[in-house]
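Student: I have a model open and would like to talk it through with you. Could we take it piece by piece?

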Amino acid sequence: MVRARGGRGARVQAPQVHVARDRISMSKKYKGKTCTYCTVPKSSTTGDHVVAREFFPLDKRANLPKVPACGRCNVAKSKLEHYLTAVMPFGSNTPDGRRVMMELVADRLRNNLALTRHLVEGARIKPISPDGGRSWQEQHTLPFDSSKLVQLLRLIGKGMAFTHWGVLLPDRDVVLYGDFLVSAGATGMEMLLASKRANSTGKIVLGDGVFTYEGIQDPDWPTFTVWRMALYGGTYDGDQNAPHEQVSSAYVMSAPRGLKAATDLIHSLRRPRNGEPPDRAA
Ligand SMILES: [Zn+2]
């Protein structure tokens, strides 16, 4: 039986009214604006969490960055997130990632039996070398479509550029690159990230390390941005120059089409991936 608490009810209600008003103003804030992802003016219908809430444990979802998004981009991004939030926690090296795994992923897989079967059938034990071939360990691996992660990271790059600097990255004006990089490619990106001239976000940690990132923006070219991102501290196979090297940081770079040195760098880094549409020519 539920018993009414005499007198105190009124005091409890006041903050609820406040919260309701907050929600109304929040939803208006994201409607009818330029979509951050496709950059079509006045097309946004919702506020999209740049890094989906489902990547985080239930109690670590406060103050995650949000941007205006249109329905189409929101659905397309959700599809990527639906897959990645079910699969990526398996590779987590962070305590919160492991919590998501224990508390949330079992339900996600129960609701997606086709994906569960695909993961079980594709599970392998694989030799990996943490030190470039001197020693080898066994690692349990699951099939993972990393092209989906790369697509999502590029969208996150767009979302973060808007969050930090209010800058949109339209495909017609900007070449967008995103991938896991080892050796030379990563060194180049780190040099850009260390640039003293650039506007920097500093190192930002969301959800106690579930997602960490850092970005810079060129002061003369606002759409020239570089990002280092890591999700769950997991590791992935390296790039084509070192396929057995394990990497945990991805880099996203946006370059204005007029800035030849930057677009040339992106073209030199690009590699084809299975199942991914070819990038538009610069
Ligand atoms: Zn859109």
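Student: Is Asp 208 buried, partly exposed or exposed, and how many other C-beta atoms lie within 10 Å?

Tutor: This is a predicted model, so that applies to everything that follows. Asp 208 has 16 other C-beta atoms within 10 Å, which means that it counts as partly exposed, since a residue needs 20 or more to be called buried and 12 or fewer to be called exposed.

Student: Where does Asp 208 lie?

Tutor: Asp 208 sits in the loop that joins strand 7 and strand 8, and its phi is positive, about 55 degrees, although Asp 208 is not a glycine. Most residues other than glycine have a negative phi. Strand 7 and strand 8 form a hairpin with four residues between them, and Gly 207 in that turn also has a positive phi, of about 60 degrees.

Student: Which other non-glycine residue has a positive phi of about 60 degrees?

Tutor: Thr 39 does, with a positive phi of about 60 degrees. Thr 39 belongs to the loop between helix 1 (9-29) and strand 1 (46-49), and with 19 other C-beta atoms within 10 Å it is partly exposed.

Student: Back to the hairpin, then. How many bridges hold strand 7 and strand 8 together, and in which sense do they pair?

Tutor: Strand 7 (residues 204-206) pairs with strand 8 in the antiparallel sense over three bridges, and Leu 206 has Phe 211 as its bridge partner in strand 8.

Student: What else pairs with strand 8?

Tutor: Strand 6 (residues 199-200) pairs with strand 8 in the antiparallel sense over two bridges, with Gln 217 in strand 8 as the bridge partner of Asn 199. Strand 9 (residues 225-231) also pairs with strand 8 in the antiparallel sense, here over seven bridges, and Ile 216 finds its bridge partner, Val 226, in strand 9.

Student: Why would you call strand 8 largely enclosed?

Tutor: Strand 8 covers residues 211-217, and six of its seven residues are buried, so the rest of the structure largely encloses it.

Student: Switching to helices: what is the angle between helix 2 and helix 5, and how far apart are their axes?

Tutor: Helix 2 (residues 71-87) packs against helix 5 (residues 146-165) at an angle of about 130 degrees, and their axes are 10 Å apart. The two helices are therefore oblique to each other, and helix 2 passes helix 5 in a left-handed crossing.

Student: Which residues meet there?

Tutor: From helix 2, Lys 77, Leu 80, Glu 81, Tyr 83 and Leu 84 meet Lys 148, Leu 149, Gln 151, Leu 152 and Leu 155 of helix 5. The residues of this contact divide into six nonpolar, one polar and three charged.

Student: And Ala 161, what does it touch, leaving out residues up to four places away in sequence?

Tutor: Ala 161 touches Val 167, Leu 169, Thr 225 and Ser 254 on that basis. Ala 161 has its place in helix 5 and is buried, with 27 other C-beta atoms within 10 Å. Although Ala 161 and Thr 225 are 64 residues apart in sequence, their C-alpha atoms are 7.4 Å apart in space.

Student: Last one, on the whole chain: how many helices and strands are there?

Tutor: The protein chain has seven helices and twelve strands. Of its 282 residues, 29% count as buried, and among contacts with a separation of 6 or more, residues 24 or more positions apart account for 62%.

How values were computed
Residues numbered from 1 in each chain as written. Predicted model: local features only at pLDDT ≥ 70, side-chain atom pairs only at ≥ 80, totals over all residues. Pairing = 2+ DSSP bridges. Axes fitted to C-alpha atoms, helices over the stretch in contact; angles between N-to-C directions. Parallel < 35°, antiparallel > 145°, perpendicular 65-115°, else oblique. Left-handed = near helix turned anticlockwise from the far one by under 90°. Contact = placed C-beta atoms within 7 Å. Nonpolar A, V, L, I, M, F, W, Y, C, P; charged D, E, K, R; others polar.
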